[in-house]
Amino acid sequence: MNSLNMLEEATNSDVKSVWEKCCSLIKEQIPGPSFRTWFNPIEPIKIENGNIFLMIPNQFFIEWLDGRYSELIKSSLLSVYNQELNVSYVVKDQLSQQIALEENISQPVYSIPKTPSQGYDVDLSKFDTFLNSRYTFDNFIEGNGNKFAKAAALAVSEKPGKTSFNPLVIYGGAGLGKTHLIQAIGNYVRQHHPTKKIAYVTSENFTNDFVIAIRNDKVQEFSRLYRNFDILMVDDIQFFADKGKTQEEFFHTFNTLHQMGKQIVLTSDRPPKELKHVEERLISRFQWGLVTDIQPPDLETRIAILQKRSEEDGVYLPPDVCEFVAMNITTNIRELEGSLIKLLAYASISNTELTLDLAKSVLKDTIAIKKKNLSIDMVQKTVASYYNIPEDMLRAKTRKKEVVEARQICMYLIKEILGSSLKTIGLHFGGRDHSTVIYACKLVDEWMTANPKIKDDIEIIKRKIELAGY
Ligand code: ADP
Ligand code: MG
């Protein structure tokens, strides 16, 4: 056995750990959504004859990984493994797609009717009326967290069924724009490919219609109807959980449409792999195309969304109010919009001007809940790291100028952000008296008016704290 073989033998058992280490290097160098889209689905198989074999979900990954990440993968492997490795890809679903084709042979071959079936109360024309014309690509603000999902959605809209993004699965937390994006696809296709038959349904609608069809002995019609679409969009597929019969029907619909090159777009509140009580064969199909996520928006994106919404509504949103709302409502765009509407409504009903003070008082409760995750500790940590001083110096007796200033700014920020009592703040700084805290807050206020640099510093620290806090 030569030394290369020995090395391989030794490491093969932990090809997983080689790949994991490699991934942690890669993760540092590319944006989170790209990493999750392209690297999370990869499964390492073995190392053999100077090759590392990686299993990927479909052919499309090869193009993408080779085109963009081959150097990065190679260099990361080299630094982890200390030997150059060739990367060989194995496509996972070549096998399962083959099985799927065979499974389908035993299925009845559906003839697609030229006109929707008679006597069945779900008809084709009903579907795209579920599209809300408000949801378009034009008014979908792009940011780092949703850029990739938007690009994929747009690609699918331009060439439905003709890209490798089939199905396109978009997942992410509540209120992050999944429904907006999937409906934007529908609206785009309706406008640019008017002959295409579009269906937008929530998985709950699909289930309900299916149950009605069973009850009325119209399952065949139901199946035929769904298999007649050029684009099928199903929102919130997590609600298919535990609905065995519906899942089976959807499975066959999926297969038929996919085989005919029709486009399928799905959304979910979690990655397909983590869907509970959904059949394995469905989950595997969900991963045939492209699975991509939407992440919470960053501050700039939140500001842009608020500006766009207020412009649409034709109202003036003062910059400080806009920033205040964007800084404080961070994880859900629906809530962000909700807060804006609440503010505008309040200002208009009470016939007052929309000012920062008004915003603070109207959104007091909403924001108080958000602040729960912030702590004095966290503010101290952030300030210490910003000024590059050890955290315990903030609490110690040191009178060094930089430390004193950082300490005073920290006290000010705790008061401002957390609203803690002067006594509590004092206690968290080595038992200082409340008058010291009052003095600090007053001083920082003065600095901020007199010195724009300090004001900027404080703004930056605030953002850092805000980001760490949610
Ligand atoms: P989800 O389906 O992920 O729960 P929605 O698509 O219903 O979220 O989005 C919630 C609200 O936020 C909608 O009014 C939507 O128009 C808006 N929204 C979400 N993302 C964006 C964005 N990137 N730009 C503009 N508005 C957005
Ligand atoms: Mg939704």
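## Overall picture

In this protein, residues 24 or more positions apart account for 75% of the contacts with a separation of 6 or more, where contact means heavy atoms within 4.5 Å. The protein has 23 helices and eight strands; helices (H or I, at least four residues) and strands (E, at least two) are DSSP runs, numbered from the N terminus. Of the 470 residues, 49% are buried, a word that stands for under 20% relative accessible area, with exposed meaning over 50% and partly exposed in between (1.4 Å probe, protein chains only).

The model is predicted, and local features need pLDDT of at least 70, side-chain atom pairs count only at pLDDT 80 or more, while totals for chains, interfaces and linings use all residues. Residues are numbered from 1 along each chain as its sequence is written, chains are lettered from A and ligands numbered from 1 in the order in which they are written, and side-chain values use heavy atoms, with hydrogens and water left out.

## A sheet of three strands

Strands of a sheet pair through backbone hydrogen bonds, either parallel or antiparallel. Here three strands form an open sheet in the order β1-β2-β3, and the pairing is mixed; two strands are taken to pair if DSSP finds at least two bridges between them. The edges are held by β1 (43-48) and β3 (86-91), each of which has a single partner strand, so one side of each is left without a neighbour in the sheet. From one strand to the next, the twist averages 25°.

The two pairings can be followed bridge by bridge. Strands β1 and β2 run antiparallel and are joined by five bridges, and Glu48 has Asn51 of β2 as its bridge partner. These two strands form a hairpin with two residues between them, and Asn49 in the turn has a positive phi of about 45°.

Although Val91 and Leu54 are 37 residues apart along the chain, their C-alpha atoms are separated by 8.5 Å.

## Helices α10 and α11

Helix α10 (residues 219-226) packs against helix α11 (residues 244-259) at an angle of about 40°, and their axes are 9 Å apart. The crossing of α10 past α11 is right-handed; a crossing has this name if the near helix is turned clockwise from the far one by less than a right angle, and is left-handed if anticlockwise. From α10, Val219, Phe222, Ser223 and Tyr226 meet Glu249, Thr253 and Leu257 in α11. The residues of this contact divide into four nonpolar, two polar and one charged, where Ala, Val, Leu, Ile, Met, Phe, Trp, Tyr, Cys and Pro count as nonpolar, Asp, Glu, Lys and Arg as charged, and the others, Gly among them, as polar.

Helix α11 also holds Phe250, which is buried, with a relative accessible area of 0%. Leaving aside neighbours within four places in sequence, Phe250 is in contact with Phe206, Leu232, Val234, Phe240, Leu266, Leu282 and Phe286. The C-alpha atoms of Phe250 and Ser203 are separated by 9.7 Å, while the two residues are 47 residues apart along the chain.

## Helices α14 and α15

Helix α14 (residues 319-328) and helix α15 (residues 333-349) pack at an angle of about 140°, with axes 10 Å apart. That makes α14 oblique to α15, since angles under 35 degrees count as roughly parallel, over 145 as roughly antiparallel, 65 to 115 as roughly perpendicular and the rest as oblique. The crossing of these two helices, α14 and α15, is right-handed. Val321, Val325 and Ala326 of α14 make the contact with Leu336, Ser339 and Leu343 of α15, and the residues of this contact divide into five nonpolar, one polar and no charged.

Key: Axes are lines fitted to C-alpha atoms, for helices over the stretch in contact, and angles run from 0 to 180 degrees between N-to-C directions.
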